[in-house]
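Dear colleague,

Please find below the structure that I am handing over to you.

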Amino acid sequence: MVSLNLARKIAVGIALLQLTAFSAFAEERVFIPGTNVNGFHVGGMTVDEADAFLSEQESVADTFSIKLNDGNYVHIDGKDYGLTKSADKNELNSIIDAQIANGGSFGMGAEWKNEVHVNSSFDEGKLDETLSQLDFLVNQDKTTDAYISDYVEGQPFYIVPEHQGNSLDTERVKTEIKNALSRGERFIDLNTLDVYDKINIYSSDAGLQKKVEALNQASKVDVTLTAGSKEFKIGINEIKDMVIGLDENGRLLLDDVAFSEFLKSVAGTFNTTGTERVFTGGAGREVRLVSNYGWEMDLEKELIQLKEDIINGQPVRREPIWKKQAKSYEAMDWGTTYVEVDMASQHVYYFQDGNIVWDAPCVTGNVERGDATPEGIYSIYSKETDRVLRGKLLPNGKREYETPVKYWMPFNGGVGLHDASWRGSFGGNIYQNNGSHGCINLPPKSAAKLYELVSVGTIVVCHN
C-alpha cells in the first residue's frame, strides 16, 4: 500500500510534468494533444499547419452535384472546378488562446472539440473548362416544336411532330452553377430552374393544321407576269411564307404586309423609271442617263389583281398593270425610233429603227444664264407651224421675248425643238453663254426636215 506521502509526491510530479509540457506547447503556440477541429485531430500543430491540413481534408470529398431532368446526377470533383479552402486563422488562434488561458490539460473530452469557419473559392476558368466537356451540355438532344414540312414538288405539306429532348439554356446553367458555388452550395437541381427548352406548338395545334391545309391549296398557284422577254413566275415557293390560313369560305388568307413587300420586289423586275440607262449615242460614245421615263407598275391595282389571281388558284399569264408605260420592253425602253439631243457635242440625231436618218448641229440652253436644257427622256406632245414663242411676262406688261418660229416641236413643258433663223451658226460652244432659253435651236432647213420625220409621241432623249 502506497503511503499518503508517496501518493502526494507522485501527484506533484505528474502536475509538474504536465505544467512543463504545457509550457512548451504554449511557448510554441501549438494545439494541445487531443484537440479536435471540425472533426479532425490537430494536436501538436501550429495555426498554419492546422490551416493547411484542414483545407486539404475539407476539399477531399467536396464535389458539386447537378440533378438532370431524367433524374440522373452529374458530379464535379472539387479539383475539377479549382476548389480551394482556407480555415479562419483568427478562430484557430482563439482556440490556442483559450487553451493557454485555461492552463490546458491533456485528454480527449468534449472540451477539446471545436468548430471553425472554412472559407472556400473556386477557379472560374477551371470550372468553364470542365463544364465545356460535360456531356449533358455538349451533346444536347434538341427540343423542337411541331412544324410544317418543306415543300417538295409533287408532294403535299405535312406536320412534322414535336420532339421533347434535353436541350437547355447552356449559358444560364453555367451561371446558376457559378452562383451556387459562390454561395458555398454544393448541389443544384436543374428541374427547379426552368432551364430546359419546352414544346410550345404541338402537332394537334388547330392553327398549324389549318395552315397545312392552306399551303396544300396554295401549292396549286401558277401566276406568270410577263413584259417582253422579262417574266416573273409566282408559285408556292414564292408565297408559302405569306400564307396565313383559310377564311370561313375556304379561300387563302395572305399576310397583307408581307404580300405588299413581295409585290415591290416583283415590280423591281419590271420597273425602269428612275433607273440608269446605258446606250451608245449618235456620236459613238457611251451615255449613262437616269430618267423618270419608263415602265412603272401600278402597285395599288396590281396588289388587288395579283392577290385575286393567287386566291383563285387558276393558271394565269398576263402583263402587269402599269402606272406608266414606255415604248419598248427592251433595255432602251424608248424604242429604236427617237430623237437624241447630245448637249455635250451640240448635235441632234434622229434614229429610225435604230439607224440615223437625220442629224444636225444645234444650240441648246444658255448655261451661263442658268437656262441649260434639262436632261431626261421625254416625248413630243405637239407639232405646230408658224408659232410665236413667248417668254415670261415682265413687270412692264411686256414679254421677255416674242420669237416667231416656223416649226415648233415641244416635248418638255415650254422646251422644244424649233428652227432658229436668227442664228448664223450652230454647234460648238455657243450654248455656254449665248444659248437659248432652254429650247433646242436648229438650222431652218434641218428643222423642216425633222418636222416631217417626227410625230406626236416621238421620244426625245436629252443628255450631256
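By class, the residues that line the largest pocket comprise four nonpolar, seven polar and two charged ones. Please keep in mind that this is a predicted model. The space in this largest pocket amounts to about 190 Å³. Its lining consists of 13 residues, and those closest to the centre of the pocket are Tyr401, His418, Trp422, Ser436 and His437.

I turn next to the packing of helices. Two packed helices are described by the angle between their axes and the distance between the axes.

Helix H4 covers residues 124-131 and helix H6 covers residues 170-182; their axes come within 11 Å and cross at roughly 140 degrees. H4 and H6 are therefore oblique to each other. Their crossing is right-handed. On the side of H4, the contact is made by Glu124, Leu127, Asp128 and Leu131, while H6 contributes Lys174, Ile177, Lys178 and Leu181. Sorted by class, this contact of H4 with H6 has four nonpolar and four charged residues, with no polar ones.

The other pair is H9 and H10. Helix H9 (residues 256-270) packs against helix H10 (residues 299-312) at an angle of about 110 degrees, and their axes are 10 Å apart. How are H9 and H10 oriented to each other? An angle from 65 to 115 degrees counts as roughly perpendicular, and H9 and H10 are therefore roughly perpendicular to each other. H9 passes H10 in a right-handed crossing. From H9, the residues that make the contact are Asp256, Phe259, Ser260, Leu263, Lys264 and Ala267; from H10, they are Leu299, Glu302, Leu303, Leu306, Lys307 and Ile310. Seven residues of the contact of H9 with H10 are nonpolar, one is polar and four are charged.

Yours sincerely

Note on methods: Residues are numbered from 1 along each chain as its sequence is written. This is a predicted model: local features need pLDDT of at least 70, side-chain atom pairs count only at pLDDT 80 or more; totals for chains, interfaces and linings use all residues. Side-chain values use heavy atoms; hydrogens and water are left out. On a 1 Å grid over the protein atoms alone, a cavity is a set of points where a 1.4 Å probe fits but cannot get out, and a pocket is an open set with protein on both sides within 12 Å along at least five of seven lines; lining residues have an atom within 4 Å of a point. Grid points are joined across faces, edges and corners, and a volume is the space filled by probe spheres set on the points. Ala, Val, Leu, Ile, Met, Phe, Trp, Tyr, Cys and Pro count as nonpolar, Asp, Glu, Lys and Arg as charged, and the others, Gly among them, as polar. Axes are lines fitted to C-alpha atoms, for helices over the stretch in contact, and angles run from 0 to 180 degrees between N-to-C directions. Helices (H or I, at least four residues) and strands (E, at least two) are DSSP runs, numbered from the N terminus. Angles under 35 degrees count as roughly parallel, over 145 as roughly antiparallel, 65 to 115 as roughly perpendicular and the rest as oblique. A crossing is left-handed if the near helix is turned anticlockwise from the far one by less than a right angle, and right-handed if clockwise. Contact means heavy atoms within 4.5 Å.
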